[in-house]
Amino acid sequence: LYAIWQQISYTLTIDLADNSTPATHTLHYHDPYDLTTPTRTGYTFSAWTITTESGEASTLEEDTVIMGSGDTTVTAHWTAKSSTIYFSREGANTGAEGTASIVATYDQAMPLITPPVRTGYTFTGYFTAASDGTKYYNPDGTSAKQCDFTASTTLYAQWSVNSNDLLITVEQSAYGTATAKWEGQETYVTSGTVSYNVVVSLKAE
């Protein structure tokens, strides 16, 4: 009499750990499977780990898996890339420019910075352009967006001009009235809101 054997099939799961659906392959005992080094935006591949059906895990030293006697999972491990971020302060006061540069890690919040200061203006954040662009920093220096840079980058400060209330009064009304006019104001008025650094013209009647 002769023994007849049938090979048992096992499942090899390849998990790239990049939010994609893991791939599965059906193999038999001692079958080889060649792995291809994966790529991922913003990350450097660091190693494979192999986990057997019993839960035992170890680092895979080669790029070939030799199938064991049970379902097996191979998982990719990654190291997030870091990039230097430079800040263009766009007119900030000398001595109050805030943080000049930082190192940010991909997929992480932007590191806390010291915001710049500019007389007559309010800092609105750091963006990818001097006007419009994508915002990465809030006015208080906290992160507005996770880092998605893969190389050194410059961010630009954006500002909103401050304004103040202007009230024209004449102490002795018998002497007449005084009014004012400035850019954007078509007629002479006795009060209004004036932006920083705007020239005001006065008229006495």
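Are Tyr136 and Phe149 buried or exposed? Both residues are buried in this predicted model, and the views below place them among the strands and aromatic pairs around them.

View 1. Five strands make up an open sheet in the order S9-S8-S12-S10-S11, and their pairing is mixed. S9 and strand S11 (135–137) are the edge strands, each of them pairing on one side only. From one strand to the next, the twist averages 40°.

**View 2. Strand S8 between S9 and S12.** Strand S8 (residues 82–88) pairs with S9 in the antiparallel sense over 5 bridges, and in this pairing Tyr86 stands opposite Ser101 of S9. With strand S12 (residues 153–161), S8 runs parallel and is joined by 4 bridges; here Ser88 stands opposite Tyr156 in S12.

View 3. In S9 (residues 101–105), Ile102 and Ala104 belong to the covered face, whereas Ser101, Val103 and Thr105 belong to the uncovered one.

**View 4. Thr153 in strand S12.** Thr153 has its place in strand S12 and, because its relative accessibility is 19%, counts as buried. When residues up to four places away in sequence are not counted, Thr153 touches Thr84, Ile85 and Tyr86.

**View 5. Gly141 in the loop between S11 and S12.** Gly141 lies in this loop and counts as buried because its relative accessibility is 0%. Leaving aside neighbours within four places in sequence, Gly141 is in contact with Pro111, Leu112, Ile113 and Pro115. The C-alpha atom of Gly141 is separated by 41 Å from that of Thr179, which is 38 residues apart from Gly141 along the chain.

**View 6. Aromatic pairs.** The whole structure contains 9 aromatic pairs. One of these, formed by Phe123 and Trp159, is edge-to-face, with 5.5 Å centre to centre and 65° between the planes. Because Phe123 lies in strand S10 (residues 121–127) and Trp159 in strand S12, this pair ties together parts that are 36 residues apart in sequence. Phe123 and Trp159 are both buried. The rings of Tyr136 and Phe149 have centres 4.7 Å apart and planes at 35°, so this pair is tilted. Tyr136 in strand S11 and Phe149 in the loop between S11 and S12 are 13 residues apart, and their pair links distant parts of the chain. Phe87, Phe123, Tyr126, Tyr137 and Trp159 form one aromatic cluster.

**View 7. Arginines over tyrosine rings.** Arg40 lies over the face of Tyr43, at 3.9 Å from the ring centre. The charged end of Arg118 sits over the ring of Tyr121, 3.8 Å from the centre of that ring.

Definitions and conventions: Residues numbered from 1 in each chain as written. Predicted model: local features only at pLDDT ≥ 70, side-chain atom pairs only at ≥ 80, totals over all residues. Heavy atoms only, no water. Buried < 20%, exposed > 50% of the residue type's maximum accessible area, 1.4 Å probe, protein only. Helix = DSSP H or I, 4+ residues; strand = E, 2+ residues; numbered from the N terminus. Pairing = 2+ DSSP bridges. Axes fitted to C-alpha atoms, helices over the stretch in contact; angles between N-to-C directions. Contact = heavy atoms within 4.5 Å. Phe/Tyr/Trp six-rings, centres within 6.5 Å; stacked < 30°, edge-to-face > 60°. Lys NZ or Arg CZ within 6 Å of the ring centre and 35° of its normal.
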